[in-house]
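Hi,

Here is the structure I promised to pass on. Have a look, and then read on for what I found in it.

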Amino acid sequence: RQMCIRDSHYPGKIRKDISHDGKVKKLGTGSDMQWSDRYLYLRDGWLHLCEAKGIVEGRRSLSVDTLASVSILAPNAGAHKPHCFVIFTKTSKSTVLQAQDAEQQNTWVRCILQSMGVMA
């Protein structure tokens with residue numbers, strides 16, 4: 001697993017130098033509230049949610065500039081398990097993900113915030 005890589009900080013600007021990847025679980029939406037294994041990549045200002053590591057077919061991609069926020073969720077909040085975080089887009093859509101552990105949860109949130117240019 002890679003940790004965040006950063007060369008310099010540009011406050012308020014999208015950071016394409018931040019990268020991270022790893023296994024996560026994704027909470028389904030609507031009537032499908034099941035957890036699914038996924039692999040998440042943060043690369044070049046994009047988040048790519050894939051079925052598995054290296055599998056890009058059917059991936060869901062979000063440009064970091066479409067994100068409004070990312071935050072840690074309390075483990076007792078609804079269907080949420082420990083180590084969850086939520087990504088909100090500027091169009092008010094959300095994706096709930098579960099990291100493998102607390103360290104990865106914090107790393108994902110920090111890396112995404114850094115890539116959004118809102119955290120050093």
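This is a predicted model: local features need pLDDT of at least 70, side-chain atom pairs count only at pLDDT 80 or more; totals for chains, interfaces and linings use all residues.

Residues are numbered from 1 along each chain as its sequence is written, and side-chain values use heavy atoms, with hydrogens and water left out.

Back to those two strands (strands are DSSP runs of E, at least two residues; helices are runs of H or I, at least four). On β3, 4 of the 5 residues are buried (under 20% relative accessible area, 1.4 Å probe, protein chains only; exposed is over 50%, partly exposed in between). β3 also runs antiparallel to β4, joined by 4 bridges, with Trp 46 opposite Ser 63.

Zooming out, the open sheet has 7 strands in the order β4-β3-β2-β1-β7-β6-β5, paired antiparallel. β4 (60–63) and β5 (67–72) are at the edges with a single partner strand each, so one side of each has no neighbour in the sheet.

At the β5 end, β5 pairs with β6 (residues 84–89) over 5 antiparallel bridges, and Val 70 faces Ile 87 there. Helix α1 (residues 102–116) packs on the sheet, touching β1, β2, β3, β5 and β6 (contact means heavy atoms within 4.5 Å).

Cheers

Technical notes. Two strands pair if DSSP finds at least two bridges between them. Axes are lines fitted to C-alpha atoms, for helices over the stretch in contact, and angles run from 0 to 180 degrees between N-to-C directions.
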